[in-house]
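Subject: A structure for you to look at

Hi there,

Here is the structure I promised to hand over. Please open it next to this email and follow along as you read.

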Number of protein chains: 2
Amino acid sequence: LSEKHRFYAYNSSVHKFVRNLITEWRRLDLPFAGETIVVAVSGGADSLSLLLAVSDLQIRKKLDLRIVAAHFNHKLRGRESDADEEFVKQVVSERKLEFALGHGPIEQAGNLEQNARDARYAFLAEIAANLRAGYVLTAHTMNDQAETFLLNLIRGSGFDGLSGMRPVRDLGSGGVQEVGMGHDSSTPLLLHSPTLLARPLLRWAKREDTENFCHESGVEFRYDTMNEDMSFKRVRVRQMLLPILKEFNPNIVETLANTADLMQQRSEPRVRGQEAGGQSTAVPDEPLIRDLKVLEPAILQETLRSWLKSRRGTLRSIGLKHIEAIERLILSTKSGRIVELPGFGRVRRHDGRLRFENIKVD
Amino acid sequence: LSEKHRFYAYNSSVHKFVRNLITEWRRLDLPFAGETIVVAVSGGADSLSLLLAVSDLQIRKKLDLRIVAAHFNHKLRGRESDADEEFVKQVVSERKLEFALGHGPIEQAGNLEQNARDARYAFLAEIAANLRAGYVLTAHTMNDQAETFLLNLIRGSGFDGLSGMRPVRDLGSGGVQEVGMGHDSSTPLLLHSPTLLARPLLRWAKREDTENFCHESGVEFRYDTMNEDMSFKRVRVRQMLLPILKEFNPNIVETLANTADLMQQRSEPRVRGQEAGGQSTAVPDEPLIRDLKVLEPAILQETLRSWLKSRRGTLRSIGLKHIEAIERLILSTKSGRIVELPGFGRVRRHDGRLRFENIKVD
């Protein structure tokens, strides 16, 4: 064997990382054979370790799937971005897997980080739809979960936010496929066959585990210099907040990820329904102020979040202060008042009701 | 009026602090007349502001209660402790309120902070029982709630811990009064007439509000030097962790206190029942391992916490790592294994069941 191929996969024993992955695979009820899965690969340790482990399971005949590695080149870091692409391409071809490539440029106006994520997920959804893949796999770890939990906690995002990321969720619009025409030929008949987003590392893998597995597989992973950019709140949480928390509890990452998991178990079925379908909420499109006024404060806040999510499509950028501003709108005696929301949209008090207005300015 | 009496209470307008207190008083359904309440007063800004505001409401005839200010001298700081006592006595006598005094010394072995709290609460419960007071009031603020939330989050205390302190709860054994003998003369008939612990500042007052109200009332409050002692985890949370969190969100104290409140609204009735009675859990005294094994991980953890609380009496010092150790006990194939718990008690796997053993060593 060449140096390049002396990664552990050809050894006889199954690496602990791979054993943990297959255990979680069963728990999440992911497919073992006869289906197509898309694995999102940036080239960093997390996504690379997932790809290597999935590939190993395929080689060992534990899996019999069509595996497509999907890389999105954001074109945000010039040569560095292109080098990432080349690197992923090479690893994928060495493992004899299929490769799908998407690329930027990314919309520069607004929140760049968010625009990049939107473009990446749109690409993954499109690839999955084209391939009729049932699953897109991303390599989020317990560290990502802990950071998400803290970001949501700091923002005051309420119960759903503290539930963090779910190990399996609907990928969204990418799963809606046009399959034919209905009786009224002006209305296409849409069959909702959702592609699911699965995060099989989320509940057990830490960043050091993915790095170790790459090392022990003999593969050098790529570093994303944006992970060091302190202008990103997530980076500040990782570099400033988590080290302080670690002084109190050395296992803080597991503790926070576990807490998010606990919240998920406690969240009511309607929350899951909302996340998957977005429409199962009982709050009317334009709720009556007088119905809202009688709610307990914490219940009111959750109701407002739920309503806003269903009307606005997302709670992105919405923090406690915005929910509280809407509360003041409800409790105020003046009519015709407005709360402007960050990013896009606003809430108007009108005719005894709350109304969401989307006045997206490009 | 002498300088001493030019505090705002004799002015015509009601201070915002007092208005907020009476609003919360109604919300918590606290008594307005014909009852006795005990107000715990250390001499710090929080408890002093509560006493001053309650006294103001009495002067304004909004309240018509027997008000007893209760001070516990821990005798932990020598002359400083005695000066606190003298100071509280003077404020109380100026307001023509009744005064109850308890004092140490506190048991030095073990957790001093915890021993002091236990002695203080035992004193408050005893005073309340003697006076047949329905309520003991303590002056915990949103800051205390935020700190408690963070301490519990860091420890990995599960759902109940993240609910933080409740604005009203049973004070405990102090409310059980022996009122006569039953048919079997060897068994005293106990009437459970609980004294409630109420925290009427918890949901709206911040530390700066209590300090401002004292200043504006013309009363100098006392500082407890133990609040600066970084050997206490709570002090480190206040001095090290919260300032970092404030860089992310200037309103972090409100946000965290609000989150705890949200958790309380979400917690199931059984949790409240457990807190009040301690016995309403459905988990058997010695649960079968095989019944526990089938539970979802997060549900198992909550079940174990609930069981441990009912058997051990308290979850004090119990963190995620201890619950996880018990989980490993359940999942292990070896029998006769033991998990030692911090402070006191241990859990044994025996005969297919979990058993709690209390082997308190003095």
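Which order do the three strands of the open sheet with antiparallel pairing have in chain A? The order is β9-β10-β11. Before going on, a word on the ground rules: this is a predicted model, in which local features need pLDDT of at least 70 and side-chain atom pairs count only at pLDDT 80 or more, while totals for chains, interfaces and linings use all residues. Residues are numbered from 1 along each chain as its sequence is written, chains are lettered from A and ligands numbered from 1 in the order in which they are written, and side-chain values use heavy atoms, with hydrogens and water left out.

Strands here are DSSP runs of E with at least two residues, helices are runs of H or I with at least four, and both are numbered from the N terminus; two strands pair if DSSP finds at least two bridges between them.

Strand β10 (residues 346–350) of chain A is joined to β11(A) by five bridges, and the two run antiparallel. β10(A) and β11(A) make a hairpin with two residues between them, and Asp351(A) in the turn has a positive phi of about 60°.

**The six-stranded sheet**

Chain A also has an open sheet of six strands, ordered β3-β2-β1-β4-β8-β5, with mixed pairing. Its edge strands are β3 (98–103) and β5 (168–170) of chain A, each pairing on one side only. Neighbouring strands here are turned by 25° on average, direction ignored. Strands β1 (residues 33–40) and β2 (residues 64–73) of chain A run parallel and share six bridges, and Val38(A) stands opposite Val68(A) in β2(A).

Helix α3 (residues 79–94) of chain A lies across β2 and β3 of chain A, at about 165° to β2(A). Angles run from 0 to 180 degrees between N-to-C directions, with axes as lines fitted to C-alpha atoms, for helices over the stretch in contact.

**Two crossing helices**

Helices α5 (residues 142–155) and α8 (residues 233–248) of chain A have axes that come within 10 Å and cross at roughly 95°. They are therefore roughly perpendicular to each other (65 to 115 degrees). Among the residues that meet are Leu150(A), Leu151(A) and Ile154(A) in α5(A) and Val237(A), Leu241(A) and Leu245(A) in α8(A); contact means heavy atoms within 4.5 Å.

**The whole chain and its copy**

Chain A has 13 helices and 11 strands. Of its 362 residues, 52% count as buried (under 20% relative accessible area, with a 1.4 Å probe and protein chains only).

How is chain A laid on chain B? A turn of 180° and a shift of 0.0 Å along the axis do it, with an RMSD of 0.1 Å. The two copies are thus related as by a two-fold rotation axis. The superposition is by least squares on the C-alpha atoms of residues with pLDDT of at least 70 in both. Of the interface residues of chain A, 98% are also interface residues in chain B, so the copies meet through the same surface.

Enjoy exploring!

Definitions and conventions: Buried < 20%, exposed > 50% of the residue type's maximum accessible area, 1.4 Å probe, protein only. Parallel < 35°, antiparallel > 145°, perpendicular 65-115°, else oblique.
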